Amino acid sequence: MTTLKSKLHDDLTTAIKARDELRSATLRLTLAAIKTEEVAGKEARELSDGEVEKIIAREAKKRREAADAFEQAGRTDQAERERAEGEVLAEYLPKPLTDEELETLVTAAVAEARSAGAEGPKAMGAVMKIVNPRVAGRAEGGRVAAMVKKLLAG
């Protein structure tokens, strides 16, 4: 079992013993998503920490989107619960990049793509290919794409 997955299991046990309903429900759903991913496809497999981290990030994004949807529908109690679950999941993710850190990474990637011959708005794909591995789960794709567009246009 990977270290991140075992940490989730240990934290789930602790949350159940402490009767922390929010944390235990959130961790159960996350572990279920991990298990589903492990048995998907033709053959069951063990996920790496990086893959587990991606699943946690995906689950956290679902919580943010659900919270926004509940907020727009006027269901603030449900929106608060979704946000709280997102905060629990955020504890297991790497610290997100600040706007300044992201801009530094994207600026370097733009310079690298330009030196390889990519120019103008058409260079978007080349820059994203360079910057995505460097960002690796510390910033959402939409935020990265917006920064790339901004720097390519400016």
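Which residues of α5 meet which residues of α6? Before answering, I noted the ground rules. This is a predicted model, in which local features need pLDDT of at least 70 and side-chain atom pairs count only at pLDDT 80 or more, while totals for chains, interfaces and linings use all residues. Residues are numbered from 1 along each chain as its sequence is written, and side-chain values use heavy atoms, with hydrogens and water left out.

**Entry 1: α5 and α6**

I found Leu102, Leu105, Val106, Ala108, Ala109, Val110, Glu112 and Ala113 on the α5 side, meeting Ala126, Val127, Ile130, Val131, Arg134 and Val135 of α6. Contact here means heavy atoms within 4.5 Å. Helices are DSSP runs (H or I, at least four residues), numbered from the N terminus. By class, I logged 12 nonpolar, no polar and two charged residues in the contact of α5 with α6. Ala, Val, Leu, Ile, Met, Phe, Trp, Tyr, Cys and Pro count as nonpolar, Asp, Glu, Lys and Arg as charged, and the others, Gly among them, as polar.

Next I looked up the geometry. The axes of α5 (residues 99-115) and α6 (residues 124-135) come within 9 Å and cross at roughly 140 degrees. Axes are lines fitted to C-alpha atoms, for helices over the stretch in contact, with angles from 0 to 180 degrees between N-to-C directions. The two helices α5 and α6 are therefore oblique to each other. The scheme calls angles under 35 degrees roughly parallel, over 145 roughly antiparallel, 65 to 115 roughly perpendicular and the rest oblique.

**Entry 2: the cores**

I then asked which residues touch the most other members of the largest nonpolar core. They are Leu102, Val106, Val127, Val144 and Val148, out of 20 residues in that core. Each of α5, α6 and α7 (141-153) supplies at least two residues of this core. Apart from it lies another core of 15 residues, including Leu12, Ile34, Ile55 and Ala60. A nonpolar core is a set of buried Ala, Val, Leu, Ile, Met, Phe, Trp, Tyr and Cys residues joined through side-chain atoms within 4.5 Å. Buried means under 20% relative accessible area, exposed over 50%, and partly exposed in between (1.4 Å probe, protein chains only).

**Entry 3: α1 and α2**

Helix α1 (residues 3-17) packs with α2 at an angle of about 150 degrees, their axes 9 Å apart, which makes α1 roughly antiparallel to α2. By class, I logged seven nonpolar, three polar and five charged residues in this contact of α1 with α2.

In the loop between α1 and α2 I stopped at arginine 19. Its phi is positive, about 55 degrees, although it is not a glycine. At 75% relative accessibility, arginine 19 counts as exposed.

Glutamate 38 lies in α2 (residues 21-39) and, at 3% relative accessibility, counts as buried. Its contacts are Lys5, Glu43, Ala44, Arg45, Glu46 and Leu47, not counting residues up to four places away in sequence.

Arginine 63 lies in α3 (residues 49-72) and counts as buried at 6% relative accessibility.
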